[in-house]
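This report describes selected local features of a single model.

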Amino acid sequence: MQMKSQEIGDVLVVTVLDARIDAAVAVRFKNRMMELATTPSERVVLDLSHVEFLDSSGLGAVVGSMKQLGRARRLDLAGLTPTVEKVFRITRMDRVFRIFPSTDAAIEDIADAS
């Protein structure tokens, strides 16, 4: 599972570089998120702009990552492709996560809230 992270201000941005988050990689995704999220930050933005496919296992991995961060840290999503956005909308997970059109929009929103 290829992912990278960078700190932008006090926001940790985690970018998924793979095109799929499915049953074959869901556990690796969660493990990699745990590794990358050790950087202390109140907000984590998950950039899914490269992800073209997300199945129920992938959705579960994203939700599991949110739970691993705990209540003190917020996980926002950014850059969802239409197919991935549809999964979040159909499952009503778009009501659980704040979803932004891009990483820049998510960071700008976070900066405005400060």
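## Helix α3

The buried residues of α3 are covered by elements that include β5 (53–54), α2 (56–69), β6 (74–78) and β7 (99–100). The model is a predicted one. Helix α3 spans residues 82–90, and its buried residues are Val 84, Val 87 and Phe 88. Viewed down the axis of α3, these buried residues lie within an arc of 95°, so they line one face of the helix.

Pro 82 and Ile 90, on the other side of α3, are exposed. After α3 comes Arg 92, which has a positive phi, near 65°.

## Sheet

Five strands form an open sheet with mixed pairing, in the order β1-β2-β4-β6-β7. The edge positions belong to β1 and β7; each has a single partner strand, so one side of each is left without a neighbour in the sheet.

Strands β1 and β2 run antiparallel and are joined by six bridges. Ser 5 has Val 14 in β2 as its bridge partner. Helix α1 (residues 26–36) packs on the sheet and touches β1, β2, β4 (43–47) and β6. The direction of α1 makes about 30° with that of β1.

## Loop between β1 and β2

Gly 9 sits in the loop that lies between β1 (3–8) and β2 (11–16). Is Gly 9 buried or exposed? Its relative accessibility is 71%, and exposed means over 50%, so Gly 9 counts as exposed.

Gly 9 and Ser 41 are 32 residues apart along the chain, and 9.4 Å separates their C-alpha atoms.

Technical notes
Residues are numbered from 1 along each chain as its sequence is written. This is a predicted model: local features need pLDDT of at least 70, side-chain atom pairs count only at pLDDT 80 or more; totals for chains, interfaces and linings use all residues. Side-chain values use heavy atoms; hydrogens and water are left out. Helices (H or I, at least four residues) and strands (E, at least two) are DSSP runs, numbered from the N terminus. Buried means under 20% relative accessible area, exposed over 50%, partly exposed in between (1.4 Å probe, protein chains only). The arc is that of the directions from the helix axis to the C-beta atoms. Contact means heavy atoms within 4.5 Å. Two strands pair if DSSP finds at least two bridges between them. Axes are lines fitted to C-alpha atoms, for helices over the stretch in contact, and angles run from 0 to 180 degrees between N-to-C directions.
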